[in-house]
Amino acid sequence: MGKVLQVRVYAYTYSEEDVRKAWPRLWSLAFEETKPGFPYEMAGVLELVRALDDLYQFGVIAEAISKVLASGLPKVVQAVEELQRHLADWNPQAANQASDRIEEGLGELERLVANP
């Protein structure tokens with residue numbers, strides 16, 4: 001890595017609208033029905049996971065939704081932690097696998113939240 005030019009490996013959401021379309025019920029739960037307790041510039045995938053985790057831990061939500069989040073959200077949060085660790089270790093292949101687990105986990109939660 002140079003003194004001026006730095007190389008970074010990171011993950012970000014390109015389009016907020018893609019997140020809204022992929023997981024509309026989770027999006028509504030995290031960003032419309034409630035307001036996250038943290039500032040965010042974009043409501044991307046990682047922000048969605050963080051908002052859902054905050055809502056699950058500290059929010060007032062229906063028991064059925066709480067049970068759904070309890071069943072799958074910990075795996076998604078763990079995958080986010082793995083993604084961040086793999087990015088910090090400059091391991092893009094493992095980070096990509098973690099991102100797949102995040103998206104698959106959110107997909108499963110979306111299906112379960114739609115039919116609690």
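1. Let's start at a loop: Trp 90 sits between helix H4 and helix H5 (92–114). Helices here are DSSP runs of H or I, at least four residues, numbered from the N terminus. Bear in mind that this is a predicted model, where local features need pLDDT of at least 70, side-chain atom pairs count only at pLDDT 80 or more, and totals for chains, interfaces and linings use all residues. Residues are numbered from 1 along each chain as its sequence is written, and side-chain values use heavy atoms, with hydrogens and water left out.

2. Trp 90 isn't a glycine, yet its phi is positive, about 60°. Most residues other than glycine have a negative phi. With 46% relative accessibility, Trp 90 counts as partly exposed (buried is under 20% relative accessible area, exposed over 50%, partly exposed in between; 1.4 Å probe, protein chains only).

3. Now H4 itself, residues 63–88: its 26 residues should span 38 Å at 1.5 Å a residue, and the end C-alpha atoms are 37 Å apart, which agrees. The expected span is 1.5 Å times one less than the number of residues.

4. Glu 82 belongs to H4 and is buried, at 15% relative accessible area. Beyond its neighbours within four places in sequence, Glu 82 is in contact (heavy atoms within 4.5 Å) with Ala 98 and Arg 101.

5. What does Ile 102 touch, leaving aside neighbours within four places in sequence? Its contacts are Val 45, Leu 46, Val 49, Val 76, Ala 79, Val 80 and Leu 83.

Notes. Helix = DSSP H or I, 4+ residues; strand = E, 2+ residues; numbered from the N terminus.
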